[in-house]
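Open the structure in your viewer and keep the selection tool ready. Can you take me through it stop by stop, and tell me what to select at each one?

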Amino acid sequence: MTATAARAPATAEGVKPWSRAQAAARLAQDIPEGWCVNLGIGFPLLVSNFVKGREVIFQSENGIIGMGGLATAETIEPWLVNAGKQNVNLVKGASIVHHADSFGMIRGGHIDLCVLGAFEVAADGDFANWTTSLTDGVPAVGGAMDLAVGAKRLWIIMDHTSKDGRPKLLERCDLPLTAPKAVTRVYTNLAVLDVGPQGFEVLDMAPGLTMEELQAKTGAPLRRKAS
Amino acid sequence: MIDKRVKSIAEAMQGIKDGSTVMFGGFGAVGHPAHLIDGLIEQGAKDLTLVGNNAGSGRVEPLVRLLAAGRVRKIICSFPRSAGSVVFDELHKAGRLELELVPQGTLAERIRAAGAGIPAFYTPTAYGTALAEGKEVREINGRHYLLEHAIRADVALVEAYQADRWGNLTYKLSGRNFNPIMAMAASLTIVQSQHMVELGDIGPEDVHTPGVFVQRVVHVPYGGPASNLATTG
C-alpha cells in the first residue's frame, strides 16, 4: 500500500474509474483537520494513508483513540491491534479506554465520521454490510450497527457495482440491514454521492464518465447536487 | 491480610459449576485469558454459556478446544466468524452450539450494566434490523430504541498486565478491551496476570480495575499475544 495511487484501467472508452486508493484519497480530501474518525476494516482503512499533514484522530472500536499506521517489524507492539486485529502503532497524544467507553464514544455521538464498506446502499440511507444471508453460514456483526447509529456522519466507501456488475446503489436494500436511514454520503470507484432528502445526489464523477453512464450502473434515480 | 493470589491455574479454577455463565476478555488474542480457558478445560465444567467478543480460530487455541470438547451449550458473541473459525462454524451448523449474536457495543454495555447494577437499558443500536426481532421498542424524543438486558456471569476470566495481592489490576494497551467491565459483572472474577507486583507499586491513579472486583489472581508470565503484522495494506 503506497500513498501514490496507481491508475485503475479504463473500462469504457475514455472513462477512467478511480482505483481503490484514489477513491480513498478522494474521501480523505473531505476530512477536515480535527475530526475524530473511525474507519472500518478493509477498503475504509485505506483512507488513513491520505490524511498526512493534517491532525485527524483515528478511533478504533477496541478502545484506541489516536491510532497510527500499521505496525512494521521494527515498530511491532503485540498488545496493540486495530479492529481487524492487525498490529498497529499509536500517535503522540493517543489514549486507551475499555470497550464500554469506546462504544459510549461511538454511540454517544462523539465520533465525527465513520467510514464503512457496504454490500448495498439505498436511496433513503438504509444500508447492508454485515451479512448476505440470515440462514446460511455464520453471521457476525461486530461494531457495525453501533457505528452506523452513533457516528455524526456515516460515509460508505465501496465499488459502485458488485463483482458481477450489478448495482450496489439501490432504491431499497435486498440484504439484511445494518441500520435504516444512516448513510449520509457514498464514495465509489465511479462517483461521490450524497444521500439527500430525494435520494442520491451526484457530487463528483470519475474522469470521462457521463451522468447517463453512471445512471446505467446505479439502481436508483440520480440527480446532480445543486451547488 | 487480604491476599487473592493463588498458586496455580488449577486452584484458580476451583468450584466452577456445570451450567455456569463464563465471560472471557479479549479482542482476538489480545487481552484474552487463554491460560485460564485451558484451565477450564482441565477443570471439567460443562453445559457452559460463554460470553465474549470472538469464538476463536484454528483448532489449537484453548477457547476452540473448549468448544470442540462439547463443553459449551451457548455463546453470546459479537463476531464469531473470523478467518479460521472452523470449529465454531462446524458446531453451529450442526446445531450443537447455540449463538446469541449481539452488536459489539450492545454486548459491552450489557456487561457494563450488569456490573453497575442496571438491569436493562434502551439503545438505538440494531433498531430496524434483524437483530431487533422480539425486542421491546420504545420511542424517546422521536428516536427509536431497543430494550436490552444486562448480562451477569457466574465467572469472569480476565487477562491483566499487572496485579497485586489485593487484586488491583492494570492492562497493557489494547489488552484492556472487555476485561475491566467483565471483572465487574461476575460473582467470581479470576485473573491471569503477566506480572505480580507489591501492594502499592501500582499508583492509585493508575489502577484500572480496583481489587474489589477481583476474587482470584494467578501469575501467568507467558510474554504476550502473538503478533499479527499485516502483510499487505
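Here is a short tour of a predicted model, one selection at a time.

**Stop 1: chain A as a whole.** Select chain A. It holds four helices and 13 strands. Its radius of gyration is 18 Å, close to the 17 Å that the globule rule gives for 227 residues, so chain A is as compact as a globular protein of that length. Its C-alpha atoms fill a box of roughly 50 × 40 × 35 Å along the principal axes. Buried residues make up 48% of the chain.

**Stop 2: the open sheet.** Now show the strands of chain A. In what order do the 10 strands of the open sheet run? The order is S4-S3-S2-S1-S5-S8-S10-S11-S12-S13, with mixed pairing. Go to the edges: strand S4 (88-96) and strand S13 (222-224) each pair on one side only. From one strand to the next, the twist averages 35°.

**Stop 3: two parallel strands.** Zoom in on residues 154-157 and 185-187 of chain A. These are strands S8 and S10, which run parallel and are joined by three bridges. Pick Ile156(A): its bridge partner in S10(A) is Val186(A). In general, strands of a sheet pair through backbone hydrogen bonds, either parallel or antiparallel.

**Stop 4**

**Stop 5: where the chains meet.** Bring in chain B. Here 40 residues of chain A are in contact with 44 residues of chain B. Which element of chain A gives the largest share of its side? That is H2(A), with five residues. The residues on this side of chain A divide into 26 nonpolar, nine polar and five charged.

**Stop 6: a helix in chain B.** Select residues 34-43 of chain B, helix H2. Its buried residues are Ala34(B), Leu36(B), Ile37(B), Gly39(B) and Leu40(B). They pack against several elements of chain B, including helix H1 (9-12), helix H3 (62-68) and strand S8 (153-163). Step just past H2(B) to Gly44(B), which takes a positive phi of about 105°.

**Stop 7: the nonpolar core.** Finish with Phe127(A), Met23(B) and Ala185(B). Of the 140 residues in the largest nonpolar core, these touch the most other members. S8(B) gives the most to this core, with eight residues. Stay on Met23(B). Beyond its close sequence neighbours, it is in contact with residues including Val51(B), Ile111(B), Leu157(B) and Ala185(B). In soluble globular proteins, nonpolar side chains tend to be buried together.

Notes:
Residues numbered from 1 in each chain as written. Chains lettered and ligands numbered in written order. Predicted model: local features only at pLDDT ≥ 70, side-chain atom pairs only at ≥ 80, totals over all residues. Rg over C-alpha atoms; globule rule 2.2 N^0.38 Å. Buried ≥ 20, exposed ≤ 12 C-beta atoms within 10 Å, placed from the backbone. Contact = placed C-beta atoms within 7 Å. Nonpolar A, V, L, I, M, F, W, Y, C, P; charged D, E, K, R; others polar. Core = buried A, V, L, I, M, F, W, Y, C linked by C-beta atoms within 7 Å. Pairing = 2+ DSSP bridges. Axes fitted to C-alpha atoms, helices over the stretch in contact; angles between N-to-C directions. Lists of a residue's contacts leave out its neighbours within four places in sequence.
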